[in-house]
Amino acid sequence: MSAVIRIVAAVVVDEHHRLLLVRKRGTTAFMQPGGKIEPGEQPIEALIREVREELGVGFDPAAADELGHFTAAAANEPGHSVDAWLYLVSLDGEPRPQAEIAEMTWIDRHTPGDIELAPLTRDVVFGLVRDRA
């Protein structure tokens, strides 16, 4: 049985209906900004911390839309899975890659192109955002 990593991730869609993805340093797959939930931390608290660390911006937690709780294979830890809380958020500023983020990109939510996507992004997030206005 694989080890489970508890994470939280921000689903960010801009005014052009593009999805924000990041790639962490030393990895190849793009995914949502976010990360591991620390012991004793609530998912939304972890998301506030992770978005600030990775993108240098915040969001209004009261306006965050909880999309649900999902599982998928971990992108960067072979043999592991992620237990993920996803939230649709609107950032309060212009995101910039920081901390362990090597690259950030906005992609079309209907045609992501040929970039490598994390399993959670590919198998769950795209299905959630494709039908949103």
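**Exercise 1. In this predicted model, identify the residue of β5 that stands opposite A73, then describe how β4 and β5 are joined.**

Solution. 
- Step 1. The residue opposite A73 is S81, in β5.
- Step 2. Another pair is H69 with W85, its bridge partner in β5.
- Step 3. The two strands, β4 and β5 (residues 80–88), run antiparallel and are joined by eight bridges.
- Step 4. Together β4 and β5 form a hairpin, with six residues between them. In the turn, G79 has a positive phi of about 80°.

**Exercise 2. Give the strand order of the open sheet of four strands and state which strands are its edges.**

Solution. 
- Step 1. Strands of a sheet pair through backbone hydrogen bonds, in parallel or antiparallel fashion.
- Step 2. Here the order is β3-β1-β5-β4, and the pairing is mixed.
- Step 3. β3 (34–36) and β4 (65–73) each pair on one side only, which makes them the edge strands.
- Step 4. On average, neighbouring strands of this sheet are turned by 20° against each other, direction ignored.

**Exercise 3. Decide whether Q32 is buried or exposed, and find the side chain with which Q32 makes a polar contact.**

Solution. 
- Step 1. Q32 is in the loop between β2 and β3.
- Step 2. Its relative accessibility is 4%, so Q32 counts as buried; the cut-off is under 20%.
- Step 3. The side chains of Q32 and T121 are joined by a polar contact of 2.7 Å.
- Step 4. Residues up to four places away aside, Q32 also touches A9, A10, V11, L19, L20, L21, V22 and V125.

**Exercise 4. Locate A118, classify A118 as buried or exposed, and list its contacts beyond four places in sequence.**

Solution. 
- Step 1. A118 is in the loop between β6 (101–108) and α2 (119–130).
- Step 2. A118 counts as buried because its relative accessibility is 5%.
- Step 3. Beyond its neighbours within four places in sequence, A118 is in contact with A29, F30, M31 and A75.
- Step 4. T28 is 90 residues from A118 in sequence, yet their C-alpha atoms are 8.9 Å apart.

**Exercise 5. State which residues UniProt lists for "domain: Nudix hydrolase" and describe that span.**

Solution. 
- Step 1. The UniProt entry, which is unreviewed, lists residues 3–130.
- Step 2. In the model, residues 3–130 are 20% helix and 35% strand, and the end C-alpha atoms lie 30 Å apart.

How values were computed:
Residues are numbered from 1 along each chain as its sequence is written. This is a predicted model: local features need pLDDT of at least 70, side-chain atom pairs count only at pLDDT 80 or more; totals for chains, interfaces and linings use all residues. Side-chain values use heavy atoms; hydrogens and water are left out. Buried means under 20% relative accessible area, exposed over 50%, partly exposed in between (1.4 Å probe, protein chains only). Contact means heavy atoms within 4.5 Å. Two strands pair if DSSP finds at least two bridges between them. Axes are lines fitted to C-alpha atoms, for helices over the stretch in contact, and angles run from 0 to 180 degrees between N-to-C directions. A polar contact is a pair of N or O atoms within 3.5 Å; within protein, one must be able to donate a hydrogen and the other to accept it, and residues adjacent in sequence count only if both atoms are side-chain atoms. UniProt positions are given in the numbering used here, feature names are shortened, and annotations may be inferred rather than shown by experiment.
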